[in-house]
Amino acid sequence: MRRDFCDGVGIARLLNATLVLPKFEVAAYWNESSQFGDVFDVEYFIQQMNGFVQVVKELPAEIGSKEPVRVDCSKRKGSFDYIESVLPSLLEHQYISITPAMSQRRDRYPLYAKAAFCQACYNALRLTSVLEKKGSELLQAIPKPFLSLHLRFEPDMVAYSQCEYSNLSPASIQSIEAARGDRKPWTGEQARLWRNRGKCPLTPNETTLILQALSIPTDTNIYLAAGDGLMELEGLSSVYKNVFTKSTVLSDEDFKNMHGNTKAALDYYISINSDSYVATYFGNMDKMVAAMRAFKGLYKTLFLSRRDFAVLTSRGQKGEALLDALWKVHRNDFVMGVGSALPDCFCEFKL
């Protein structure tokens, strides 16, 4: 949602449009009703975007009383597409709602739109004071130094990947099957090719193997930035004993009263401010965290390679040979640290 909103800022600047604070549609994920102001500091955002994009909290009654015209931006590539295809709808209807633009090319934006996009991503979007305070308390409670591990092995993630795994517990298998819906797992040669393309999330056990290949000590303090439904966690916690989660660090009352959005925001806050960050997936949160860590000069950031793990194990490598091979494929990134601000941003550009 954070990424989509940053994209919305860039698009609004392209169209010279006023941006209305969005309403989160999160029921499909976490069955909750938190909104933009529950996560982000609204007044600070509006103030910081002054001169880049005009932002309003609500629409005037004569406009807001009608449903917005939905415009599909999923295949828009750059400023020409928006000005030629989206702007006419805005001028005609005054009020439009845009879908996320997953494939857009921000490098094709003019500098003024890149500047607005970067201002939103790196300066204007900060958590509410309540969440900042809670994040600071959580950060202080985690023993130092610590590694933040973004582990993605929840039932919905595995079901979405269409991958199958051997040696999972009956409870995990049941949870995955319940989340599959129409997304049936690949089989045969297609399953092998899919896995070797790096499409299958790493299990906690596979993640542990890579951490050991990198000689990360087993007494390392690890904060798990992950959802509540994480499966097979004992594959990690049986080797790395100092594993901390929101539920173990926060009080029971704090944890129970938090929405999924606020839990995710805390994971984001902790991950940005951790001594090291390791991600088992290259998703939107991982990209944002890596960019913010680089922006703040924190370069101990590493993405584990699902593709290399799959290819190496499919060749039958195991034991010390596998550990040595995993070290070699991660060595350069591990030693140098990875993380760069979004390459299509000109973050020092001033209007």
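Helix α8 (residues 129-141) packs against helix α16 (residues 260-272) at an angle of about 55°, their axes 10 Å apart. This is a predicted model, where local features need pLDDT of at least 70 and side-chain atom pairs count only at pLDDT 80 or more, while totals for chains, interfaces and linings use all residues. Residues are numbered from 1 along each chain as its sequence is written, and side-chain values use heavy atoms, with hydrogens and water left out.

- Axes here are lines fitted to C-alpha atoms, for helices over the stretch in contact, with angles running from 0 to 180 degrees between N-to-C directions.
- The two helices, α8 and α16, are therefore oblique to each other (under 35 degrees is roughly parallel, over 145 roughly antiparallel, 65 to 115 roughly perpendicular, and the rest oblique).
- The crossing of α8 and α16 is right-handed, meaning the near helix is turned clockwise from the far one by less than a right angle.
- On the α8 side, the contact (heavy atoms within 4.5 Å) is made by L131, E132, K134, G135, S136, L138 and L139; α16 brings in T262, A265, L266, Y269 and I270.
- Helices are DSSP runs of H or I with at least four residues, numbered from the N terminus.

**Aromatic pairs**

- Nine aromatic pairs turn up, counting rings of Phe, Tyr and Trp (its six-membered ring) with centres within 6.5 Å; planes under 30 degrees apart are stacked, over 60 edge-to-face, and the rest tilted.
- One of them is F5 with F45, a tilted pair at 5.2 Å centre to centre with 45° between the planes.
- F5 sits in helix α1 (residues 2-15) and F45 in helix α4 (residues 42-48), so this pair ties together parts 40 residues apart in sequence.
- F5 is buried at 9% relative accessible area, and F45 is buried at 0% (buried is under 20%, exposed over 50%, partly exposed in between, with a 1.4 Å probe and protein chains only).
- Y122 and F295 also make a tilted pair, with ring centres 4.6 Å apart and planes at 35°.
- Y122 belongs to helix α7 (residues 111-124) and F295 to helix α17 (residues 284-295), so the pair links parts 173 residues apart in sequence.
- Y122 is buried at 8% relative accessibility, whereas F295 is partly exposed at 35%.

**Charges over rings**

- R126 lies over the face of Y44, 3.6 Å from the ring centre (the rule wants NZ of Lys or CZ of Arg within 6 Å of the ring centre and within 35 degrees of the ring normal).
- R195 has its charged end over the ring of Y165, 4.8 Å from the centre.
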